[in-house]
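Let's take a walk through this one together, starting with the aromatic rings and ending at a pair of strands.

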Amino acid sequence: MYELENVLRPYAWGSTTAIAGLLGRAASGGPEAELWIGAHPDSPSVALSPAGAGSAGAHAAVADDGGRLALDALIAEDPEHHLGSGSVAEFGPRLPFLLKVLAADSPLSLQVHPTLEQARAGFALEEAAGVDRAAAERNYKDDNHKPEMILALTPFEALCGFKPAADARAVFELLVADFELAGLELPPLVPLLLQDLAQPEEHTALRSAFERLIAGGGDVAEATAAIASALISGAPTAPYQAELSTVVTLNAQYPGDPGVLISLLLNRISLAPGEAVYLPAGNVHAYLHGLGIEVMASSDNVLRGGLTPKFVDVPELLRTISFESAGVPMLSPETTMLGQEVFRPPFREFQLQRIVLEPGAEPVPLAQSGAAVIIVVSGSVLLDSPKGELRLDRGSSAFLPAAEAPVNAHAASGATGTALAFAVTTALEA
């Protein structure tokens, strides 16, 4: 077992206090958006000297001058030892998942992730064309898909997938009534969106409205400004208070951006702490505010659709989006015999275990299939396996090679209060 040092991403939308408060350390003073725990080559965790004599030997070659090695390099030394033969056979010689602590203080970009086939094809095309992987116009940074899930640790606000076209039309009909009530001139874009959303085939209706908005231009910017102004001036919003207040918030940060009104085509969701949602390929989404545990396939492929100054490739975006209203993909946990929760989205790359340990409680077996990573966010946890032990205090994390299994988590001796940890492994059969 290897304790980890992890990379903190300081994106501008990040909270300045949430991650530091969760992990019990001093804040950096700047935005702290994402803590990456894994072996993604862009920001791999660093593995420290292994814990326990049983972990030493051929697979303890992490030492440079300080007993440290990037986790992706450690795994590359012996993928089957670290990942397990099943994981290597299905996902190749790389850790197939990435765990993040995510803290959004302001909205992230509107985005969608490709399927595995789209990612492979898109990556190959851009490689063949010689597009620099760091170029602003690059769509595919790797050849992997990026299904993901988010588990809320605080109240968590997001946009997630298309709502039914009739529901989106009802919101715009309320705006028409608001403009009539106030004696204001209705932006010409709104009747066109109502026509789009009235088409009998839902897929066509949603796609038509989205295409009209993502095209941008002066009519979109003018309509957005007029709607935001009417809402700020006190136009009635019931029963769509959350959706329409989001329009005002988004327009304040990205005035006239197509994503502001696109938000009205999407489900506006509020997760309570402990609730989770999963995001398959093609799902248009944006995290708005909150702290959560995010897990995904190990990829950085993002196609943006607004609420960002970054590159938006509209044709590729339209090829990637699923224009279906399939409801919000909430994810309920399964409860183990010992009362622990395991979140299993319909992806083979990962599952998430929430581990709660009271002082003196029975040890909890980690749900481990192949490699695992774990982070402790409260209290102290002692991990033990046939090959060694490792104590993790609040804010600490570890990589658990497949060859280390089975691993049990105990409330650490002498610790007071409840321990809380999150562990990720693959969803392959153990």
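Which residues do ring pairs link into a cluster? Phe 162, Phe 210 and Phe 323 are the ones joined that way. Before going on: this is a predicted model, where local features need pLDDT of at least 70, side-chain atom pairs count only at pLDDT 80 or more, and totals for chains, interfaces and linings use all residues. Residues are numbered from 1 along each chain as its sequence is written, and side-chain values use heavy atoms, with hydrogens and water left out.

Searching the whole structure turns up 8 aromatic pairs. Rings of Phe, Tyr and Trp (its six-membered ring) pair if their centres lie within 6.5 Å; planes under 30 degrees apart count as stacked, over 60 as edge-to-face and the rest as tilted. Take Phe 156 and Tyr 287: their ring centres are 5.3 Å apart and the planes sit at 75 degrees, so this pair is edge-to-face. Phe 156 belongs to strand S9 (residues 156-162) and Tyr 287 to strand S12 (residues 285-297), so the pair ties together parts 131 residues apart in sequence. Strands here are DSSP runs (E, at least two residues), numbered from the N terminus. Both Phe 156 and Tyr 287 are buried, meaning under 20% relative accessible area with a 1.4 Å probe, protein chains only.

Now for the strands. S19 (residues 380-385) pairs with S20 in the antiparallel sense over 6 bridges; pairing takes at least two DSSP bridges between two strands. A hairpin through 2 residues joins S19 to S20, and Val 381 has Leu 392 in S20 as its bridge partner.

Methods
Helices (H or I, at least four residues) and strands (E, at least two) are DSSP runs, numbered from the N terminus. Buried means under 20% relative accessible area, exposed over 50%, partly exposed in between (1.4 Å probe, protein chains only).
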